[in-house]
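Me: I would like to learn how to read a model like this one. Please take the features one at a time.

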Amino acid sequence: MSVEGTNLRPVWMGRPKPAVSAVKAVAVVVILALVAVPFWLVFATSVSSDAEVNANGGWSLWPDKLDFSAYTNVFKGGTIGHALWVSVLVTAIGTALSLASTTFLAYALSRPNVLAGKPILLAILFTFLFPAGMIPSFLVVTDLKLFDHLAALFVPAMINVFNLVIMRGFFQGIPEELYEAARLDGAGDIRTLFRIVLPLSKAIIAVVGLYYAVGYWNDYFRAMLYTNGGSLNPLSTVLRGFVIAGNNPNAEAGLDVTGIAPMKAISALVVIAIVPIAAAFPFLQRYFTKGVMTGAVKS
Amino acid sequence: MAANAAAPRMPRWARLRRDKVLLLMMLPGVLYFGIFQYLAQLGNVIAFKDYVPFVGVKDSAWVGFQQFTTLFDDPDFWHAVGNTFELALVQLLFYFPVPLALAMFLFSLTRNWVRKLVVSFVYLPHFISWVVVVGLFVQVLGPSGMVNSLLTSDSHHVVVDVFRDPSWFKPMMLLELVWKDCGWGTIIFLAALYQVDDALYEAAALDGAGWARRTWHVTLPSIRPVIVLLLILRVGDILSVGFDQVMQQRDTFTPAAAEVIDTYVYYHGVQSGQFSIAAVAGLLKGIVAMILVIAANKIAHKLGEQGVYQ
């Protein structure tokens, strides 16, 4: 990673031709715009007036005046507010459960010579190569009487093999001397994990935790597969109904839809679905390159 | 490792006593994989049964390979298989090189703040769900979206609905995939590019190699192991081709254009209740995908590459 921190062009490269620099500058602007414009478009549409959105046929790139009615309208009727609550609940409980079980398992499997460690690790890695399919997963969830329970939205996805592998790799990268010192000081496995390993592993815990959180927040499918929908639908699943099936959120909120732009309400929901991820993104940014790459390279 | 070299000599019960806390820590995870992977795999027996939900897996009647023949006689299944491979081929040819090209472009940016800015922008879409990505695309390119009304100057006239016209299915899938994941895909390529020894570039430049020859003779050979590794992983994914993405668009593009193996399993199995037939499709898909990865890995070894595993 020697060049990463520097701003300097290597001497041998020489000065680039002005034309090359110009093309690159244009490319940079185009790339930034391609990412930013769709986000801006939904945000602008969600806060424009209905008249403006309708006049354009369903979008607005520049709000004539700020109008937040879409954000209050979508919560009328309760369906969407409830779906948002389900999403928050599933994300919070699921992430806590996933993070705890993944950390414990990764730590135990990272210790050399732990009893049955090798075969267990191999058995887990094999599920990466040959995972249980949709129908077998559905059957096991049904047999466990989890069908149509809130737990069906997170328990079947409790541990992700990729997350487990990068976390185990990170733990293995901690110098063996530290473990040795902890053992000589009389620390057991639990104490070593909480006092030595976890404080050194904040980066990887943050990355894996955010991966899980984003995964739960974005998931729409487990509600379709493992529940009858209704009050167990998270925001993603409800949003899917509006975006894909073309349902009108305002109609479902029981509003008189004449004159209200449906795209404005859908845009508001899209913004609501994006905001938590955009908020978590700077933290992800800071940790994921170093945390993930070191973990992935080690394993 | 050296300190533990003597450990395997310990009797098993002594190791059990020594490791009891670690084993307890493993328990939730082991239970999870045991139940939701290994126990679940037993459910595949319904591929050889006539599964009726009310009767249950155990008591449903054995029918041998009858469900296999039913599946193979279903033209919809073969259609989904064909579609899956076509889509995978489109992605392999037109998506796979994009993150590599973008990574090389990012690497060539000599101003650090510009590179960091672009990198943080292009990573973001990866974390947005497919539901939202399709929502954004409809808002920009859909019949009442921005581009359409700019093109027609009359918002109620639609040139072509690129989210319904079946011939647009593959191009839109590709475009969405590039937008969502090509930035994130650069992460591994970028890490590999940083590892290339700068002295190689310098020596090549001193020998008069221009940008194109440095790319061909230094950059690409240096990161070949990473390219091979990602290709193998891609091969393992061929039969899945982005289930989440297709799920958002199968109905609007019509199943005739957009059905893939996984959506076939969902709609024929879970939605229509033909669990046994869908289980056959899922089981075959899993086995073929596993064979593909093992084969790709073997070939990589033959070519002197590291591959995914040894």
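Me: Over residues 1-5 of chain A, how many contacts beyond four places in sequence does the model have, and where does pLDDT stay?

Reply: pLDDT is the predictor's confidence in each residue, from 0 to 100; two residues are in contact if their C-beta atoms, placed from the backbone, lie within 7 Å. Over residues 1-5 of chain A, pLDDT stays under 50, and the model has 5 contacts beyond four places in sequence for them. Residues 293-299 of chain A also stay under 50, with 18 such contacts. This is a predicted model, in which local features need pLDDT of at least 70, side-chain atom pairs count only at pLDDT 80 or more, and totals for chains, interfaces and linings use all residues. Residues are numbered from 1 along each chain as its sequence is written, while chains are lettered from A and ligands numbered from 1 in the order in which they are written.

Me: At what angle do the axes of H7 and H10 of chain A cross?

Reply: Axes are lines fitted to C-alpha atoms, for helices over the stretch in contact, and angles run from 0 to 180 degrees between N-to-C directions. Here helix H7 (residues 161-172) and helix H10 (residues 202-218) of chain A cross at roughly 175°, their axes coming within 10 Å. H7(A) is therefore roughly antiparallel to H10(A), a term for angles over 145 degrees. Asn163(A), Ile166(A), Met167(A) and Phe170(A) of H7(A) make the contact with Ile204(A), Val208(A), Tyr211(A) and Tyr212(A) of H10(A).

Me: Which residues of chain B does UniProt list as "transmembrane region"?

Reply: UniProt positions are given in the numbering used here, feature names are shortened, and annotations may be inferred rather than shown by experiment. The unreviewed UniProt entry places this feature at residues 21-40, 88-109, 121-141 and 275-296 of chain B. Residues 21-40 of chain B are 100% helix, with end C-alpha atoms 28 Å apart. Residues 121-141 of chain B are 71% helix and 0% strand, with end C-alpha atoms 21 Å apart.

Methods:
Helix = DSSP H or I, 4+ residues; strand = E, 2+ residues; numbered from the N terminus. Parallel < 35°, antiparallel > 145°, perpendicular 65-115°, else oblique.
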